[in-house]
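Hello,

Here is the structure I promised to pass on. Please open it first, then read the notes below.

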Amino acid sequence: HSGVAILLTVAAIVAAFTGFRAATISTSASEKWQSALRTEVKRSASAMDDVSYLYQTELPLATSIVQARILQAQFLAAAQGQSGALKQTLLLEANVQGQIIAALSPNSDFATKPDYALSSGGLDLAKRLADLRAQNPDLLALDPNGLEATGDALAHRAELMTMALIPTSFAAFLGVLAQAFKRRRTLLLRGGVLLLAGGAVMAVA
């Protein structure tokens, strides 16, 4: 019967199209997940580089400057109540600390910029780290979570599309039954067409 042949042929085409599209979307989802992983590794590596630079390169130098400032202030304060050789010794030590500060300060924005100075006399590590991170806006803008969410959405879409094969398969099954049961062929073909239409709509949605 031509109606049965048409139904089975269209069902096969819809099933093939649905399977191909679902596989394509599933592949895209996998690519997004892999890209999210690579982006997370890149972002984490960048953050670790900035943290290492701050703590291993900038902080030791800044600490030396802060320590010299404290010692200089202490020597000057102690010299105020003294006289003679002791006072000269204390002023000399204060001068030595001043020389250390003068020698190191040009190499340390962290220790010299007022933006990083805390009222307690310490340095704002969080702000300095944020400024270091801001020097590489492209790396700071990396969004692995967004890529992962896109991959999840694509995977969910592929899963839903695969479900379109269910009504399509039932449509083909009704076509086979219509071939065997001639008295109910029209009813079975109508049911098959409706199921096929539903599967097609799900496949292209």
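**What I found**

Lys113 counts as partly exposed, at 38% relative accessibility. Lys113 sits in the loop between α3 (109–112) and α4 (125–134). Its C-alpha lies 47 Å from that of Ala29, and the two are 84 residues apart in sequence.

Before you go on, some ground rules. This is a predicted model, where local features need pLDDT of at least 70 and side-chain atom pairs count only at pLDDT 80 or more, while totals for chains, interfaces and linings use all residues. Residues are numbered from 1 along each chain as its sequence is written, and side-chain values use heavy atoms, with hydrogens and water left out.

**The whole chain**

How many helices and strands are there in the chain? There are eight helices and zero strands. The order from the N terminus is α-α-α-α-α-α-α-α. These elements are DSSP runs, numbered from the N terminus: helices are H or I with at least four residues, strands are E with at least two.

Now the overall dimensions. The C-alpha trace spans about 125 × 25 × 20 Å along its principal axes. The radius of gyration of the chain is 37 Å, whereas a compact globule of 205 residues would have one near 17 Å. That radius is taken over C-alpha atoms, and the globule rule is 2.2 Å times the number of residues to the power 0.38.

Of the 205 residues, 25% count as buried. The chain exposes about 12600 Å², and carbon and sulfur atoms supply 63% of this area. Accessible areas come from the Shrake-Rupley method with a 1.4 Å probe; for residues, only the protein chains shown count as cover.

Contacts come next. A contact means heavy atoms within 4.5 Å. Take the contacts with a separation of 6 or more: residues 24 or more positions apart account for 76% of them.

Then the charges. The chain has 17 positive and 15 negative charges, and their mean positions are 21 Å apart. Lys and Arg count as positive, Asp and Glu as negative; His and the chain ends are not counted. Each charge is placed at NZ of Lys, CZ of Arg, CG of Asp or CD of Glu.

**Along helix α1**

Helix α1 covers residues 2–80, and Thr39 is found in it. Is Thr39 buried or exposed? Thr39 counts as buried, because its relative accessibility is 12%. Leaving aside neighbours within four places in sequence, Thr39 is in contact with Leu142, Asp143, Pro144 and Leu147.

Gln34 also lies in helix α1. With a relative accessible area of 45%, Gln34 is partly exposed.

Val66 is another residue of helix α1. Its relative accessible area is 16%, so Val66 is buried. Which residues does Val66 touch, not counting those up to four places away in sequence? Val66 touches Gly121 and Leu123. Val66 and Arg43 are 23 residues apart in sequence and 32 Å apart in space, C-alpha to C-alpha.

**Helix α2**

Gln97 lies in helix α2 (residues 84–104). Gln97 is buried, at a relative accessible area of 10%. Residues up to four places away in sequence set aside, Gln97 touches Ala68, Leu71, Gln72 and Phe75.

**The aromatic pair**

A search of the whole structure finds one aromatic pair. Phe110 and Tyr116 form it, edge-to-face, at 5.6 Å centre to centre with 75 degrees between the planes. Rings of Phe, Tyr and Trp (its six-membered ring) pair if their centres lie within 6.5 Å; planes under 30 degrees apart count as stacked, over 60 as edge-to-face and the rest as tilted. Phe110 counts as buried, at 1% relative accessibility. Tyr116 is buried too, with a relative accessible area of 4%.

Best wishes

Terms used
Buried means under 20% relative accessible area, exposed over 50%, partly exposed in between (1.4 Å probe, protein chains only).
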